[in-house]
Amino acid sequence: MGTVILHSVVSVDGFIADDEGDVGPLHEWYFSGDVPILPGSGSGSGSGSGGAEGDEPFDHSGSGGGIRVSRASADYVRSTWDSIGAIVMGRTLFDQVNGWEGKPPAGEHVVVVSHRPKPDGWHPEASYHFVDDVTDAIDTARALAGDGTVAVNAGDVGGQILAAGLVDEVAMDVVPVVFGSGRRYFGGVDGQHLLEDPHVVIQGERVLHLRFRVRR
């Protein structure tokens, strides 16, 4: 089965959003480059944000301008998104973005960790699965992803999945900004977890891409 990767854009002091869930300047590098990235299509996977043929694509940029990264980041972002078979997210993020209207930025399947069920009538065509346990979430996502990567959104749910020993790698897109407070990359995890030295280190423009394997 595919690798389980905990991932998010993060400030240098370890926050993925402020106290209100606003990402502020963390995602500016997604929109300031000169290489367009099409979520879900990347270098030709054909899945994700486009939805069914003829559907209007969901604007994951939120600005109408699309996602455009620097040349230094482009190959890494494309290969990362193309590898994703399923995404695991928490209910807070699902509600905040309304599940990207059933069109995830990468992959074809999403597993939402929540004690509440999918909203009645919400995009029945979308492969979104609601479970109330992090182990069940990873088992479901792995089955859906096949040989693809399972991408776990960082935060409280991601920290729980790491603490349960279910994460293979930690990926961080580190942005040079200090938040001071907010939503932590690893959520409320309070135990020690050792990582290997980074096997991916890519300097982009206003972002540093890092990947670490979790030490077993």
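What is the relative accessible area of Glu-101?

Mentor: The relative accessible area of Glu-101 is 30%, so the residue is partly exposed. The cut-offs are these: buried is under 20% relative accessible area, exposed is over 50%, and partly exposed lies in between, with a 1.4 Å probe and protein chains only. Before going on, note that this is a predicted model, in which local features need pLDDT of at least 70 and side-chain atom pairs count only at pLDDT 80 or more, while totals for chains, interfaces and linings use all residues. Residues are numbered from 1 along each chain as its sequence is written, and side-chain values use heavy atoms, with hydrogens and water left out.

Glu-101 sits in the loop between helix H2 (91–97) and E6. Helices (H or I, at least four residues) and strands (E, at least two) are DSSP runs numbered from the N terminus. The backbone here deserves a check. Most residues other than glycine have a negative phi. Glu-101 is not a glycine, yet its phi is positive, about 55 degrees.

Compare Arg-206. Its phi is also positive, about 65 degrees, and it is not a glycine either. Arg-206 belongs to the loop between E11 and E12. It counts as exposed because its relative accessibility is 56%. A glycine gives another case: Gly-165 follows H4 and has a positive phi near 75 degrees.

Now the sheet. Eight strands make an open sheet with mixed pairing, in the order E7-E6-E5-E8-E1-E9-E12-E11. Strand E7 (127–131) and E11 are the edge strands, each pairing on one side only. Neighbouring strands of this sheet are turned by 20 degrees against each other on average, direction ignored. Two strands pair if DSSP finds at least two bridges between them. E1 and E8 run parallel and are joined by four bridges. Ile-5 has Ala-151 of E8 as its bridge partner. H3 packs on the sheet, touching E1, E5, E6, E7 and E8, and its direction makes about 175 degrees with that of E6. For such angles, axes are lines fitted to C-alpha atoms, for helices over the stretch in contact, and the angles run from 0 to 180 degrees between N-to-C directions.

H4 also meets the strands. It lies across E1, E5, E6 and E8, at about 125 degrees to E8. In H4 (residues 156–163), the buried residues are Val-157, Gly-158, Gly-159, Ile-161 and Leu-162. They pack against strand E1 (4–11), E5, strand E6 (109–113), helix H3 (134–145) and strand E8 (149–153). Contact means heavy atoms within 4.5 Å.

Next comes helix H1, residues 71–83. Its end C-alpha atoms are 19 Å apart, which agrees with the 18 Å that its 13 residues should span at 1.5 Å a residue. The expected span is 1.5 Å times one less than the number of residues. Ser-73, Ala-74, Tyr-76, Val-77, Thr-80 and Trp-81 are the buried residues of H1. Among the elements they pack against are strand E9 (169–175), strand E11 (200–203) and strand E12 (208–213).

His-209 is buried because its relative accessible area is 0%. Its side chain makes a polar contact of 2.8 Å with that of Ser-73. Another, of 2.7 Å, joins the side chains of His-209 and Asp-173. A polar contact is a pair of N or O atoms within 3.5 Å; within protein, one must be able to donate a hydrogen and the other to accept it, and residues adjacent in sequence count only if both atoms are side-chain atoms. Not counting residues up to four places away in sequence, His-209 touches residues including Trp-29, Tyr-76 and Met-172.

Met-172 is in strand E9. It counts as buried because its relative accessibility is 14%. Leaving aside neighbours within four places in sequence, its contacts include Ser-8, Val-10, Tyr-185 and Phe-212. The C-alpha atoms of Met-172 and Arg-211 are 6.4 Å apart, although 39 residues separate the two along the chain.

Finally, the whole protein. It has four helices and twelve strands. Of its 216 residues, 47% are buried. Among contacts between residues at least 6 apart in sequence, 71% join residues at least 24 apart.
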